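Here is a short tour to read with the model open beside you.

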Amino acid sequence: MDIFTSVDKLQEQLKSHKNNDQSIGFVPTLGALHQGHLSLIQHAKETSDVVVASIFVNPTQFDDKSDFENYPKTIEQDIALLQSIHCDYLFLPTLDEVYPNGPILTEKYALDSLENILEGATRPGHYQGVAQVVHRLLNIVQPNFLFLGQKDYQQVLIIRNMIIEKQIPTEVVMCPIVREEDGLAMSSRNRRLSPQAREVAPELYKTLLSCKTNYKDFTVAELKEWAMANLNAEPLIQVDYIAFCNADNLEIIHDWSEAKNALVLGAIFLDPIRLIDNIIIY
Ligand code: AMP
């Protein structure tokens with residue numbers, strides 16, 4: 001695997017593939033890689049001739065400075081993992097390469113109501129920062145395919161919107177959530193859970209799964225009440241939200257008939273780590 005820190009060198013290399021009509025798959029990450037990230041690269045390898053991963057902890061998507069500064073950095077281990085699955089290229093840019101004029105939000109993206117709900121409700125500016133950095137990375141890599149995890153479902157819709165708004169010729173591929181054996185969705189944050197918190201963490205997945213299994217027997221309101229109570233019954237868990245949404249646009253649904261495809265999303269605080277997960281109900 002070749003590692004590029006400069007935009008020019010990466011583009012020069014990718015140009016030779018493009019000239020040979022080879023398709024490029026791109027997997028952007030913040031690093032601290034786990035099997036969830038690696039699954040995206042595996043999906044990319046199945047679809048694309050050449051796979052580029054990036055590791056860049058983007059300051060403009062962090063509303064909390066200490067969260068940004070304390071974001072886990074495991075670069076040596078990340079490189080070894082990427083090499084082990086034969087990722088072709090790693091783009092590891094400096095701040096200046098991505099933000100020549102400094103890390104500030106310079107553009108307002110039309111993300112509509114998606115921006116301020118669920119994960120956006122408590123993180124002002126977060127999705128503008130995500131849209132901006134992915135826009136910049138797409139301009140640099142110019143991939144045919146962009147691989148994103150369902151784990152961050154709202155982010156997938158936000159990036160899809162940005163790609164349409166900016167008329168970028170890249171196809172978004174959403175990849176399934178990779179889980180631990182007990183169902184806990186893999187996340188860089190899981191390593192910060194105490195042993196006691198780790199033990200109860202799969203409760204989020206189990207609760208969402210029960211919603212999917214039983215949805216035909218209950219109203220949306222009944223299921224939401226049950227899910228909140230079930231999670232809050234665990235002393236270490238504090239529910240942030242449980243939301244039943246139209247999978248196409250994340251609008252809240254009140255009746256199963258309101259959406260052709262529905263999704264349940266959940267966020268919990270767990271001693272004090274915040275975890276998210278979601279399941280497509282139908
Ligand atoms: P991050 O480094 O957290 O920005 O994640 C980079 C990409 O990996 C995003 O598209 C995430 O949705 C995806 N991802 C993170 N965790 C998982 C997981 N458990 N399964 C599948 N994809 C994941």
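Two strands count as paired if DSSP finds at least two bridges between them. Helices (H or I, at least four residues) and strands (E, at least two) are DSSP runs, numbered from the N terminus. This is a predicted model, in which local features need pLDDT of at least 70 and side-chain atom pairs count only at pLDDT 80 or more, while totals for chains, interfaces and linings use all residues. Residues are numbered from 1 along each chain as its sequence is written, and side-chain values use heavy atoms, with hydrogens and water left out.

With that in hand, look at strand 7 and strand 8 (residues 262-270), which pair in the antiparallel sense over nine bridges. For one of these contacts, find I242, whose bridge partner in strand 8 is G266. The whole open sheet has three strands in the order 7-8-9, with antiparallel pairing. Why is one side of strand 7 (237-246) and of strand 9 (273-280) left without a neighbour in the sheet? Both stand at the edges, so each has a single partner strand. From one strand to the next, the twist averages 15°. Helix 10 (residues 220-232) packs on the sheet and touches strand 7 and strand 8, where contact means heavy atoms within 4.5 Å. The direction of helix 10 makes about 160° with that of strand 7. For such angles, axes are lines fitted to C-alpha atoms, for helices over the stretch in contact, and angles run from 0 to 180 degrees between N-to-C directions.

## Empty spaces

Rolling a probe the size of a water molecule over the atoms shows where empty space is left. On a 1 Å grid over the protein atoms alone, a cavity is a set of points where a 1.4 Å probe fits but cannot get out; a pocket is an open set with protein on both sides within 12 Å along at least five of seven lines, and lining residues have an atom within 4 Å of a point. Grid points are joined across faces, edges and corners, and a volume is the space filled by probe spheres set on the points.

The structure holds two cavities of 30 Å³ or more. The largest cavity has about 70 Å³ of space, and its lining includes Y241, G266 and D277. Helix 7 (153-165), strand 8 and strand 9 each give two or more residues to that lining, with strand 9 giving the most, three residues. In the second largest cavity there is about 50 Å³ of space, lined by D67, N70, Y71, P72, S188, R189 and R192.

## Backbone details and confidence

Which peptide bond is cis, with omega near -10°? It is the one from D271 to P272, and P272 is found in the loop between strand 8 and strand 9. A32, although not a glycine, has a positive phi of about 50°; A32 lies in the loop between strand 2 (24-29) and helix 2 (35-47).

The pLDDT, the predictor's confidence in each residue from 0 to 100, averages 97 over the protein chain, and 100% of the residues score at least 70.
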